[in-house]
Amino acid sequence: MHDIKFIKNNPSVFDESLKKRNLKGYSKKLIDLHNEYLMFLNEKQDLQEKKNSLSKLFSSKKENIDEIKRKVLEIKNKIETLNLNSEKKFKQLNDMLLSLPNLLSKKTPIGKSENVNKILKENGKKKNFIFKVKNHLDL
């Protein structure tokens, strides 16, 4: 899986490597998904802090208890919604990162297919068998 920090710091390198594999660039979409995920997490954390402070007020104050309970319940519902949204964005981000191929090495020859690439070096001789060679899946 790809590192989102690398993609954020080097979006052009990431997109260029994907273009060499005849794929379109995904860095902008990945960065946007990650930023949305972080936005949900930050908002959830802010609401959690607010809920905790209201809960402390609940134990110290004897007046407006019903109002504090109502606010805490509203915040709890918002937190649950944000949690679902953040999990959804996180799953989308991970699915997209897992579906993308690895980045190419600088030494990797570039071509439309393996037939276009030139052979730089061959080791040993190719064996000529007197029987039909089976595919490794057939073995």
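Residues are numbered from 1 along each chain as its sequence is written. Because the model is predicted, local features need pLDDT of at least 70 and side-chain atom pairs count only at pLDDT 80 or more, while totals for chains, interfaces and linings use all residues, and side-chain values use heavy atoms, with hydrogens and water left out.

The secondary structure amounts to four helices and zero strands, in the order α-α-α-α along the sequence; helices are DSSP runs of H or I with at least four residues, strands are E runs of at least two, and both are numbered from the N terminus. The radius of gyration of the protein is 27 Å, whereas a compact globule of 139 residues would have one near 14 Å (taken over C-alpha atoms, with the globule rule being 2.2 Å times the number of residues to the power 0.38). Along the principal axes, the C-alpha trace spans about 95 × 40 × 20 Å. Of the 139 residues, 21% count as buried, where buried means under 20% relative accessible area, exposed over 50%, and partly exposed in between (1.4 Å probe, protein chains only).

The largest nonpolar core has eleven residues, among them Ile4, Phe14, Leu33 and Met96. Such a core is a set of buried Ala, Val, Leu, Ile, Met, Phe, Trp, Tyr and Cys residues joined through side-chain atoms within 4.5 Å. At least two residues of this core come from each of α1 (4-9), α2 (11-20), α3 (27-60) and α4. A second, separate core holds eight residues, including Ile68, Ile75, Ile79 and Leu82. Back in the largest core, which also includes Ile7, this residue touches His2, Phe14, Ser27, Leu30, Ile31 and Leu97, leaving aside residues up to four places away in sequence; contact means heavy atoms within 4.5 Å.

Ile130 lies in the segment after α4 (65-99) and is exposed, with a relative accessible area of 87%. Together with Phe129, Phe131 and Val133, Ile130 makes a nonpolar surface patch of about 500 Å². Ile110 is also placed in the segment after α4, and counts as exposed at 56% relative accessibility. Not counting residues up to four places away in sequence, Ile110 touches Lys20 and Asn117.

Terms used: Patch = residues over 30% accessible without salt bridge, like charges linked within 9 Å, V, L, I, M, F, W, Y side chains within 5 Å. Areas by Shrake-Rupley, 256 points an atom, 1.4 Å probe, with all protein chains shown as cover. Salt bridge = Lys/Arg side-chain N within 4 Å of Asp/Glu carboxyl O.
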